[in-house]
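Let's walk through this fold together, starting with one residue and then stepping back to take in the whole chain.

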Amino acid sequence: MEAYLPTGLPTVLAVAGAVLAALAGVLAAGRARRATLGRALAWGVVAGGVLFVDRATSAEPTGFRMLALCSVVLVAMKGVVAVESEARLPLGRALAFALLWVGMNPRAFSEPSGRPRPGAGGLILRGLVRMAIGAAFVAAARAAGPERRVVGVLCIMCGLGLLFHFGLFSVLAGLWRRHGVACDAICRASALSRSLSEFWGRRWNLAFSEMCSIGLYRPLTPLVGRNAAMLAVFLFSGALHELAISLPVRGGFGLPTLYFALHGALMWVERARGWTAPGRFWTLFWVLAPTPLLFHPAFLDGVVVPLLG
């Protein structure tokens with residue numbers, strides 16, 4: 001676990017300051033009177049936050065660097081979607097959206113009903129069950145230890161996905177629904193996807209697809225067309241995953257981008273041939289088979305294997 005422990009308090013304070021600065025930038029961008037000014041400010045906050053945190057954590061362990069970079073990018077990208085969605089939230093709701101929810105659609109916080117929304121209890125219950133299963137996977141991975149690397153890595157990756165994407169984030173969605181906010185699970189039976197378009201657009205990590213749709217796809221489509229905008233979104237997705245996966249370990253650069261570029265090309269094939277539902281085998285094969293490009297050896301060695309104990 002040493003890979004996740006910072007070397008000292010000054011670095012922690014520097015990262016916390018960067019996140020707070022990104023938050024201030026998000027609030028300013030969302031209230032800019034001109035869209036061009038807000039857009040420039042929002043993207044400037046993203047770039048500046050990444051550069052600062054990368055430099056501030058240059059001597060830190062890889063796991064801590066990953067958490068720091070992901071934190072500042074997650075907060076900073078809230079400003080991009082706030083500008084593009086033209087959602088002007090009151091201060092309290094803007095802070096809740098930026099800091100207390102992983103989703104990327106600020107309009108969910110624009111008009112909370114004040115009354116609990118349907119499905120809140122089910123989301124919370126399912127999320128807690130998945131968190132328990134995920135914790136069991138993580139425990140099994142740690143029991144396997146570094147000596148059984150393949151089994152341990154598979155167990156811990158599954159466990160973390162269940163703990164967070166399928167578990168904690170569903171609990172958060174349920175809690176917000178109990179307070180009248182239209183949040184929902186960000187992963188929705190992803191294994192049932194019958195096309196890559198369905199997988200990326202309607203089932204897997206909808207927070208990320210919301211971010212890309214609002215922040216990039218919609219603004220670009222009138223300028224370059226649907227296909228070019230889609231390919232740009234996948235290249236951008238690759239760049240963000242480079243920040244989260246390759247930059248913390250300073251290795252494997254280009255491989256996550258190649259993974260997403262491949263998926264952009266495959267989705268173009270689906271569209272060009274009119275394949276609305278080529279099938280689950282097609283979808284799961286292309287999602288899983290190239291994953292060594294996404295989770296490359298440098299990332300596994302620097303970020304995942306240290307969790308095995």
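Is Arg 250 buried, exposed or partly exposed? With a relative accessible area of 46%, Arg 250 is partly exposed; here buried means under 20% relative accessible area, exposed means over 50%, and partly exposed is in between, with a 1.4 Å probe and protein chains only. You'll find Arg 250 in the loop between helix 9 and helix 10 (255-272). Its phi is near 55 degrees, a positive value in a residue other than glycine. Most residues other than glycine have a negative phi.

A quick word on what you're looking at. This is a predicted model, in which local features need pLDDT of at least 70 and side-chain atom pairs count only at pLDDT 80 or more, while totals for chains, interfaces and linings use all residues. Residues are numbered from 1 along each chain as its sequence is written, and side-chain values use heavy atoms, with hydrogens and water left out.

Now for the whole chain. The protein has 13 helices and zero strands; these are DSSP runs numbered from the N terminus, with at least four residues of H or I for a helix and at least two of E for a strand. The radius of gyration is 19 Å, close to the 19 Å that the globule rule gives for 309 residues, so the protein is as compact as a globular protein of that length. That radius is taken over C-alpha atoms, and the rule is 2.2 Å times the number of residues to the power 0.38. Along its principal axes, the C-alpha trace spans about 55 × 55 × 40 Å. Buried residues make up 46% of the 309. If you take contacts (heavy atoms within 4.5 Å) between residues at least 6 apart in sequence, 71% of them join residues at least 24 apart.

What sits inside? The largest nonpolar core has 53 residues, and those with the most contacts inside it include Trp 101, Trp 176 and Ile 186. Such a core is a set of buried Ala, Val, Leu, Ile, Met, Phe, Trp, Tyr and Cys residues joined through side-chain atoms within 4.5 Å. Among the elements that give two or more residues to this core are helix 1 (9-30), helix 3 (62-85), helix 6 (149-178) and helix 9 (226-249). Helix 3 gives the most, with eleven residues. There is also a second, separate core of 30 residues, which includes Val 138, Ala 141, Leu 196 and Leu 294.

Zoom in on Ile 186 next. Leaving aside neighbours within four places in sequence, its contacts include Trp 101, Phe 169, Trp 204 and Asn 205. Asn 205 lies in the loop between helix 7 (196-203) and helix 8, and at 16% relative accessibility it counts as buried. Asn 205 also has a positive phi, about 40 degrees, although it is not a glycine.

Beyond its neighbours within four places in sequence, Ser 209 is in contact with Trp 200 and Gly 201.

Finish at helix 13 (residues 297-304), where Phe 299, Leu 300, Gly 302, Val 303 and Val 304 are buried. What do the buried residues of helix 13 pack against? Their partners are helix 3, helix 6 and helix 9.
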